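Thanks for coming. I will go through one structure today, starting with helix packing and then moving to single residues.

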Amino acid sequence: MSLLVVGSLGIDTIETPFGRVENVLGGSATFISVAASYFLRPIRLVGVVGGDFTQNYFDFLESHDIDLEGLEIVKEGKTFRWGGKYHYDLNTRDTLFTELNVFEKFDPKIPPSYRKTSYVCLGNIDPVLQRRVLEQIERPRLVVGDTMNFWITRKQEELKKTLKLLDVIIVNDAEARQLTLEPNLIKAAKQIITMGPRIVIIKKGEHGALMVTEQTIFFAPPYPLEMINDPTGAGDTFAGGFIGYLSKMDDTSDEALKRAVIYGSTMASFCVERFSLERFKDLTMIEIQDRFREFKELSKFEEEVRV
Ligand code: AMP
């Protein structure tokens, strides 16, 4: 099985009530591919960075067996940069700045060896670029796409064209409402299904994740963490765990999709424990499996025989 991840690689500055970090590794494709690498290796990564993307970042990606053949390096350019600030309600954040830099002229080129890839995850980048990726590859088994308010506001028409090509869309609750103008999330998800994807996943930050298909509704509880340091990348990490598991199993049945939602939630719960991608420096598969099992316990209950 093979998995291609396309998206942003970035340098972030993040402020939360629990600390502030400057110039740390970030980007949608970074979180997705690192999370997915716990399930399948190597991960095929397509993106762009500038000359300021330092060797320690390359080393970190390589330590997770991420194949960098499709990573373009624009030596004279600057890497995508993003700044965000979170308040005590960690579900809401202010974007302090978005500098597209090398992304402004980025035209994704898929290496010939990647053209046959069974699973594709289109991380949060310009929806026009997301489509350009799909034009260059043979029809995969499953295409998962992510987006954010930035693109819903600026490129909604382009985003709607991209939606038609996705099997799964992953958005957060605010983005689902923004895209559909529908306050009820179940109705919003059903409306998004009419726009193209057959599976809609709505992340609700600290409150879990909801998967809606035409036939089913599945809800993953949040993992009850007592300390969240930095929610940045949780959504992308969710996407990485989700598609990483599906591609490893090569199974897109309803039951596999439900387990994938739990693996996505499991990976995201680790991500938020530390700033940036710090938690993935020492995270082990044993810890992942233990937490996956804890998720099962969290909402397991016996049916009463008689009330
Ligand atoms: P998440 O918290 O899952 O939404 O992802 C946060 C990551 O997305 C950060 O590491 C940023 O570098 C990256 N990011 C923020 N805004 C954008 C954007 N407009 N396009 C692509 N990536 C972005």
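Predicted model: local features only at pLDDT ≥ 70, side-chain atom pairs only at ≥ 80, totals over all residues.

Let me begin with helix H3, residues 127–135, and helix H5, residues 156–163, which pack at an angle of about 30 degrees with their axes 8 Å apart. Angles under 35 degrees count as roughly parallel, so H3 is roughly parallel to H5. The crossing of these two, H3 and H5, is left-handed. On the H3 side the contact is made by Pro127, Val128, Gln130 and Arg131, and on the H5 side by Glu158, Leu159, Lys161 and Thr162. By class, the residues of this contact of H3 with H5 are three nonpolar, two polar and three charged.

What does H9 bring to the contact with H10? The residues are Arg259, Ile262, Tyr263, Ser265, Thr266, Met267, Ser269 and Phe270. H10 meets them with Glu287, Ile288, Gln289, Arg291, Phe292 and Phe295. Sorted by class, the contact of H9 with H10 has seven nonpolar, four polar and three charged residues.

Stay with Ile288 for a moment, which sits in helix H10. Is Ile288 buried or exposed? Its relative accessibility is 0%, so Ile288 counts as buried. Not counting residues up to four places away in sequence, Ile288 touches Tyr38, Tyr263, Thr266, Met267, Phe270 and Leu283. Of these, Tyr263, Thr266, Met267 and Phe270 are also among the H9 residues in the contact with H10. Between Ile288 and Asp89 there are 26 Å in space, C-alpha to C-alpha, and the two are 199 residues apart in sequence.

Next is helix H2, residues 55–63, where Tyr57, Phe58, Phe60 and Leu61 are buried. These cover an arc of only 160 degrees around the axis, which puts them on the same side of H2. What do the buried residues of H2 pack against? The partners are strand S2 (10–16), S3, H1, S4 and strand S5 (66–74). After H2 comes Asp65, with a positive phi near 60 degrees.

Asn23 is in strand S3, residues 19–26, whereas Leu181 is in the loop between helix H6 (173–180) and helix H7 (185–193). With 39% relative accessibility, Asn23 counts as partly exposed. Leu181 has 76% and counts as exposed.

There is also a cis peptide bond to report, from Arg41 to Pro42, with omega near -10 degrees. Where is Pro42? It is in the loop between helix H1 (28–36) and strand S4 (43–50).

I will finish with two loop residues. Thr147 lies in the loop between strand S9 (142–146) and helix H4 (149–154). At 3% relative accessibility, Thr147 is buried; the cut-off for buried is under 20%. Leaving aside neighbours within four places in sequence, Thr147 is in contact with Asn124, Ile152, Leu159, Ile169, Ile170, Val171 and Glu175. One of these, Leu159, is an H5 residue that takes part in the contact with H3.

The other is Glu206, in the loop between strand S11 (199–203) and strand S12 (209–213). Its relative accessible area is 39%, so Glu206 is partly exposed. Again leaving aside neighbours within four places in sequence, Glu206 is in contact with Asp89, Leu90, Asn91, Pro222 and Ile228. Asp89 is the residue I used for the distance to Ile288. Glu206 and Leu4 are 28 Å apart in space, C-alpha to C-alpha, with a separation of 202 residues in sequence.

That is the end of my part.

Technical notes. Residues numbered from 1 in each chain as written. Heavy atoms only, no water. Axes fitted to C-alpha atoms, helices over the stretch in contact; angles between N-to-C directions. Helix = DSSP H or I, 4+ residues; strand = E, 2+ residues; numbered from the N terminus. Parallel < 35°, antiparallel > 145°, perpendicular 65-115°, else oblique. Left-handed = near helix turned anticlockwise from the far one by under 90°. Contact = heavy atoms within 4.5 Å. Nonpolar A, V, L, I, M, F, W, Y, C, P; charged D, E, K, R; others polar. Buried < 20%, exposed > 50% of the residue type's maximum accessible area, 1.4 Å probe, protein only. Arc of directions from axis to C-beta.
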